[in-house]
Amino acid sequence: MAPLRTVRRRPGRRMHRAAMLLIAIIAGVGVLPGVAIAAPAGGRQLNAADMTLLNGVRLAGLWEMPAGQMAAEKGQSAKVREIGAGIAGEHQRLDELVVEAANKLGATIPSEPTAQQKGWLQEMKDASGARFDQIFVTRLRVAHGSILPVISAVRASTRDATVRKLCEDATDFVTHHMQMLESTGLVRWPELPPAALPAPGKDGLLAAAGANAGPQVGVSSTVVWLVFLAALGTGGIATYRMLRRS
């Protein structure tokens with residue numbers, strides 16, 4: 001398999017409704033959790049949680065790089081322009097790291113944003129002035145808040161050192177981006193989606209916390225997917241409502 005390459009920033013297309021995202025999620029949930037992904041000859045065996053991390057980080061960069069560049073060029077406030085440039089540059093570096101990890105693991109990761117992400121980019125492209133600044137901050141803040149618990153869950157459970165290192169790097173980048181976005185004063189705190197906690201169960205995070213379990217507790221890939229899907233669903237709906245109000 002030819003090595004993957006990092007991609008540069010590019011614009012998206014027209015926005016799809018939040019319902020389309022939920023339909024795609026529901027369609028995939030029945031087959032993805034717990035499935036082992038077979039690597040090519042000479043590669044490693046990755047489970048669904050590891051692949052969730054690789055795909056999620058890659059997809060984040062594929063749309064947030066061009067979003068940041070757009071903000072750097074057309075943001076109304078100097079703060080938004082500065083933050084946009086910073087996020088674009090840091091996502092370029094994170095994209096290099098995830099591509100490097102995927103090549104090392106023999107894994108196939110996306111090469112373009114999802115239809116939903118392309119829609120977000122088109123939404124930003126069509127906006128201007130203060131509305132653009134609000135859309136940029138709202139979309140990216142919700143997206144970063146959705147991916148962070150996924151990164152943490154995979155970091156807690158993965159058996160692979162390469163995935164573990166990528167989780168640590170991604171956590172640093174995502175946390176920094178959230179801080180930058182919050183510094184604009186445009187984050188609508190009361191309207192952010194609630195934390196996507198996994199349902200209680202014998203292998204769940206809540207059960208482990210309730211039992212005061214030790215540091216060796218594992219997190220199943222099903223739990224990771226529950227966190228990921230819940231975060232995407234609640235984040236997409238909350239963002240849609242926030243932007244409708246504006």
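Helices (H or I, at least four residues) and strands (E, at least two) are DSSP runs, numbered from the N terminus. Helix 5 spans residues 129-157 and contains Asp133. The model is predicted, with local features needing pLDDT of at least 70, side-chain atom pairs counting only at pLDDT 80 or more, and totals for chains, interfaces and linings using all residues. Residues are numbered from 1 along each chain as its sequence is written, and side-chain values use heavy atoms, leaving out hydrogens and water.

**Confidence**
- Mean pLDDT (the predictor's confidence in each residue, from 0 to 100) is 78 for the protein, and 61% of its residues reach 70 or more.
- Residues 9-42 stay under 50 in pLDDT, and the model has 64 contacts (heavy atoms within 4.5 Å) for them beyond four places in sequence.
- Residues 204-219 are also below 50, with 16 contacts in the model beyond near neighbours in sequence.

**Asp133**
- The Asp133 side chain reaches the backbone nitrogen of Gln76 at 2.9 Å.
- Leaving aside residues up to four places away in sequence, Asp133 touches Gly75, Gln76, Ser77, Val80 and Leu186.

**Phe132 and Phe136**
- Both residues, Phe132 and Phe136, lie in helix 5, 4 residues apart, about one turn of the helix.
- Phe132 counts as buried at 0% relative accessibility, and Phe136 counts as buried at 1%.

Key: A polar contact is a pair of N or O atoms within 3.5 Å; within protein, one must be able to donate a hydrogen and the other to accept it, and residues adjacent in sequence count only if both atoms are side-chain atoms. Buried means under 20% relative accessible area, exposed over 50%, partly exposed in between (1.4 Å probe, protein chains only).
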